[in-house]
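Take a moment to look over the model before reading on. The paragraphs below go through it one part at a time.

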Amino acid sequence: NLISNLRAELGEIVESWTLMREFYALIEKNTTNEIEKDIRNNDLARLRLIKSKFQNDVISRLSELGQTKFGRLNFHFAASKIGVFQEVVKEFQKFPKDNEFTNRRNEYISHKELPPDWDGHRAPHRISYCKILRGIAFALIIMKEFDSVHLGPQSRFQWIQLRKSRYDHHFPASSAYLMLPFLRFYQVLSGFKFV
């Protein structure tokens with residue numbers, strides 16, 4: 001249950017990331033070199049708003065995965081339950097803190113910590129696309145390691161097939177990732193047939 005739901009959470013992150021990328025491309029396509037015109041463009045403002053919503057979702061979820069609370073959906077709880085990968089999980093726990101994911105989540109996204117007066121307010125931490133991408137990649141590596149222990153070597157090939165459908169939004173990504181162990185693929189890789 002824990003591993004499957006943790007994988008489903010990764011599916012949500014990947015889904016938000018793929019949608020966020022689409023909005024980055026749409027913003028780039030609709031941006032002109034005329035700053036005043038871009039500022040007045042309501043459609044462009046809407047695209048930026050939607051992109052930031054997906055970005056905040058990814059930042060928040062990655063921050064949650066790096067928490068150390070038991071009974072919550074995070075890598076620490078999974079590593080403690082299974083008894084493996086505790087060192088790499090400790091490395092991941094530092095990532096959201098060191099890259100301001102946790103502060104951004106706590107101050108502007110959810111679990112909001114309110115400063116006692118107006119002087120305590122700050123602008124949101126700027127988190128680059130590259131840092132978000134590194135966080136997603138790090139989380140996926142850990143999840144695949146958990147699956148290699150939980151599901152066995154066939155999980156590697158199931159992940160390869162699942163990756164091919166990440167831009168298909170016909171089904172919620174959380175469901176597809178949750179159901180990964182039940183996927184059966186016939187693949188011919190390196191002369192071997194996997195079932």
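In helix H6, residues 101-109, the buried residues are Phe101, Thr102, Arg104, Arg105 and Asn106. Buried means under 20% relative accessible area, exposed means over 50%, and partly exposed lies in between, with a 1.4 Å probe and protein chains only. Helices (H or I, at least four residues) are DSSP runs, numbered from the N terminus. The cover over the buried residues of H6 includes H3, H5 and H7. Just after H6, His111 has a positive phi of about 50°.

The model is predicted: local features need pLDDT of at least 70, side-chain atom pairs count only at pLDDT 80 or more, and totals for chains, interfaces and linings use all residues. Residues are numbered from 1 along each chain as its sequence is written, and side-chain values use heavy atoms, with hydrogens and water left out.

How do H3 and H7 pack? Helix H3 (residues 42-65) and helix H7 (residues 129-150) meet at an angle of about 45°, and their axes are 11 Å apart. Axes here are lines fitted to C-alpha atoms, for helices over the stretch in contact, and angles run from 0 to 180 degrees between N-to-C directions. H3 and H7 are therefore oblique to each other; angles under 35 degrees count as roughly parallel, over 145 as roughly antiparallel, 65 to 115 as roughly perpendicular and the rest as oblique. On the H3 side the contact (heavy atoms within 4.5 Å) is made by Gln55, Val58, Ile59, Leu62 and Leu65, and on the H7 side by Ile132, Gly135, Ile136 and Ala139. By class, this contact has seven nonpolar, two polar and no charged residues. Ala, Val, Leu, Ile, Met, Phe, Trp, Tyr, Cys and Pro count as nonpolar, Asp, Glu, Lys and Arg as charged, and the others, Gly among them, as polar.

Next come the aromatic rings. There are ten aromatic pairs in the structure, where rings of Phe, Tyr and Trp (its six-membered ring) pair if their centres lie within 6.5 Å; planes under 30 degrees apart count as stacked, over 60 as edge-to-face and the rest as tilted. Phe92 and Phe138 form an edge-to-face pair, 5.2 Å centre to centre with 80° between the planes. Phe92 lies in helix H5 (residues 86-98) and Phe138 in helix H7, so the pair ties together parts 46 residues apart in sequence. Phe92 is buried at 0% relative accessible area, whereas Phe138 is partly exposed at 22%.

Note on methods: Helix = DSSP H or I, 4+ residues; strand = E, 2+ residues; numbered from the N terminus.
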